[in-house]
Amino acid sequence: MHDFIDLLNKVTPDLWQGTVVTLQIAVVSLALGMIVGLPIGVGRVYGPVWLQRILGAYLTLFQGTPLLIQLFVVYYGLPDIGVTLGRLQAAFLTLGLNSAAYQAEYLRSALQSVSEGQMTAARAIGMSKWQAIWSVILPQAVRLALPAWSNEAVAMLKYTSVVFLIAVPDLMGQAKILASRYFAPIQIYLIVAVFYIVLVGIAYLILTLIERRTRIPGLTGDAA
Amino acid sequence: MTSPILRIEDVHKSYGSLQVLKGVSLTVQPREVVVLVGPSGSGKSTLLRCINLLNPPTKGRIWLEDQEITAPGVNQDRVRQSIGMVFQEFNLFTHLTALGNVMIGLVKVRKMRKHEAHDLAMFELERVGLADRAHYYPAQLSGGQKQRVAIARALGMDPHIMLFDEPTSALDPELTGEVLAVMQKLAAEGMTMIVVSHEMGFARQVANRVVFMEDGVVVEEGTPQQMFEQPVHERTRAFLRNIMQ
Amino acid sequence: MELLQDLLTTFNFIVQGLWVTISVTAVALTVGLALGITMAIVRVYGHPALQTAVSVYSVVIRATPVIVIIFILFFVISRYINLSPFWAGALALGFASGAYQTEIFRGAIQAVQPGQMIAARAIGMSRLQAIQSIVLPQALRLALPSWGNEATLVLKDSTLVFAVGVPEILRRAQQVSARTFEPFLAFGVALLLYLALTLITTQALQRLERRYRLQV
């Protein structure tokens with residue numbers, strides 16, 4: 001037990017550094033996912049049919065293949081055809097585009113569950129279609145999508161764990177180095193597991209709090 | 001004879017092979033209150049949605065004041081600013097308070113400044129008797145209150161004509177009174193109104209003209225007294241008999 | 001044409017990992033299924049202490065990234081038992097999936113109307129008999145859509161065992177690209193292979209769903 005505490009003290013600083021990188025990647029990727037995912041979601045519902053098809057293909061590609069392989073294609077494959085990205089950039093881009101695919105679907109589902117009468121009423125007071133989407137439909141859809149989005153945010157922390165395989169010094173990356181340095185893989189990875197569990201727990205609590213704060217009476221999963 | 005505020009000329013509306021309106025013509029004078037009655041499926045709601053171009057007619061022409069709004073190239077969004085509409089299912093914006101619902105059109109469409117919009121919105125809410133509920137969300141309002149907010153929202157756009165599509169049909173009986181009272185007040189203030197409704201009491205008291213539609217055409221029209229007491233057509237008589245029971 | 005030749009050689013090399021990928025997925029799903037159903041039954045019907053134990057397992061495992069679980073179990077298994085990376089990896093994946101499947105089956109069991117259990121007891125069945133012949137058959141069918149979703153996820157996550165040396169699709173792709181210096185081609189092929197796999201699996205699952213789905 002004493003040895004374990006000893007080990008714990010030795011590895012914690014490095015693991016903490018890794019945690020910071022993990023958080024960075026998670027936040028940036030989530031944000032990228034929102035920025036790309038929102039227009040895709042809207043395009044899937046309100047865009048012309050040809051656009052819906054193209055976007056559908058994008059979604060099928062990103063949702064139908066493993067994140068890890070997408071990462072390898074971006075980091076190892078793209079340089080082959082002239083686009084070279086750094087490790088972190090590749091991580092941000094891949095996780096971001098991947099998350100965008102899922103966020104777009106949550107948004108699409110939410111947009112479609114906003115009742116049609118809302119659009120009708122908005123047009124009746126003279127709003128154009130896009131004004132109505134922006135000022136009336138989207139604000140409601142975003143709130144409806146919040147639970148699904150929260151899940152995505154929490155899950156993102158777990159998804160970042162594969163980037164160590166392209167040598168990004170995140171939590172798992174540090175763990176790998178420390179595991180071989182101290183010849184104690186099981187203990188190190190168990191400690192790392194605890195780190196992730198705590199991160200996930202905190203993220204979950206924060207998001208539940210946000211959900212509660214932004215709740216509007218009457219705007220739940222079954223909006224009228 | 002003043003010029004009519006609304007002129008509907010031989011309007012047809014089909015959805016694919018289904019013909020809903022089969023040649024409707026109607027003229028409405030300023031400050032007139034026209035009540036449209038008829039069995040369901042007669043095309044009354046469809047006609048309203050043709051007037052404000054939500055579902056433009058397949059054939060026929062409509063003039064609002066002196067502008068032909070069915071002409072190609074007309075800015076339909078613009079036209080809809082001058083025509084107010086109140087729906088059976090209210091369609092209040094669920095993510096906004098009552099005040100927000102009235103303000104959003106003022107800010108986004110009429111491009112007013114926030115504080116001007118706020119004052120005008122409060123004025124309209126006052127007009128329908130709901131100033132004290134300004135900060136409530138739709139889910140926290142009763143049906144009658146929701147509908148009154150919907151009326152305030154439409155009024156905020158300063159419409160020249162108001163269309164009501166069965167405004168009380170989705171309300172519990174004890175709540176219809178408050179909505180009809182607001183509509184009566186509007187009429188007294190001189191608003192031109194076209195109302196689709198089954199509320200015969202309202203028609204008798206407030207309407208200047210009652211129009212009976214069936215099967216996509218206007219069968220008969222006249223003053224409430226003429227229509228209710230001496231209808232000419234048998235179909236009108238049959239309908240009124242059913243309704244009165 | 002040189003490109004076509006390269007494509008074919010690359011493809012042939014990588015596709016040999018296909019069988020490994022499918023096997024890992026199959027083993028993991030089976031292990032997960034067994035764990036999931038058992039744990040779900042314990043969670044709903046078992047002794048309170050056991051219920052808590054299952055809850056803890058479920059929450060802890062689901063809060064941990066799959067790759068971390070695979071690493072931990074791989075090292076634990078390797079130290080004490082002599083298993084190939086394939087089995088160590090597949091079992092680890094199955095263990096992780098078990099936690100998600102526990103939740104799926106728990107939800108499904110709880111969705112079976114309580115009247116079903118009451119009626120079964122009323123005709124004299126024991127609790128266990130009722131679970132086995134009345135509740136479970138319905139629960140399994142209710143769970144089908146969610147389970148299908150999980151199956152697709154396990155298929156995609158199976159690539160993670162590449163990190164413990166299992167010669168599945170990604171590992172093969174990596175080997176090929178080291179030889180031919182054409183990583184875009186190699187990893188691109190791997191990507192498309194998985195795309196084909198998931199599309200086929202989704203179709204098969206939809207067909208299964210259509211046949212067996214329980215509409216309440």
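How much of chain A, out of its 224 residues, counts as buried? The share is 52%, with buried meaning under 20% relative accessible area, exposed over 50% and partly exposed in between (1.4 Å probe, protein chains only). This is a predicted model, where local features need pLDDT of at least 70, side-chain atom pairs count only at pLDDT 80 or more, and totals for chains, interfaces and linings use all residues. Residues are numbered from 1 along each chain as its sequence is written, chains are lettered from A in the order in which they are written, and side-chain values use heavy atoms, leaving out hydrogens and water.

**View 1. Chain A is built from eight helices and zero strands.** Helices here are DSSP runs of H or I with at least four residues, strands are E runs of at least two, and both are numbered from the N terminus. The C-alpha atoms of chain A fill a box of roughly 70 × 45 × 20 Å along the principal axes.

View 2. Leaving aside residues up to four places away in sequence, A:I188 touches A:L7, A:V11, A:A175, A:L178 and A:A179, a contact being heavy atoms within 4.5 Å.

**View 3. Helix α6 of chain B spans residues 173–188.** Its 16 residues reach 23 Å from first C-alpha to last, close to the 22 Å expected at 1.5 Å a residue (1.5 Å times one less than the number of residues). Among its buried residues are B:L175, B:V179, B:V182 and B:L186. Seen down the axis of α6(B), the buried residues fall within an arc of 155 degrees, so they line one face of the helix; the arc is that of the directions from the axis to the C-beta atoms. On the other side, B:E174 and B:A188 are exposed. Just after α6(B), B:G190 takes a positive phi of about 100 degrees.

**View 4. Chains A and C share the most contacts of the two pairs of chains in contact.** The contact takes 33 residues from chain C and 32 residues from chain A. Chain B and chain C have no contact, and their closest C-alpha atoms lie 29 Å apart.
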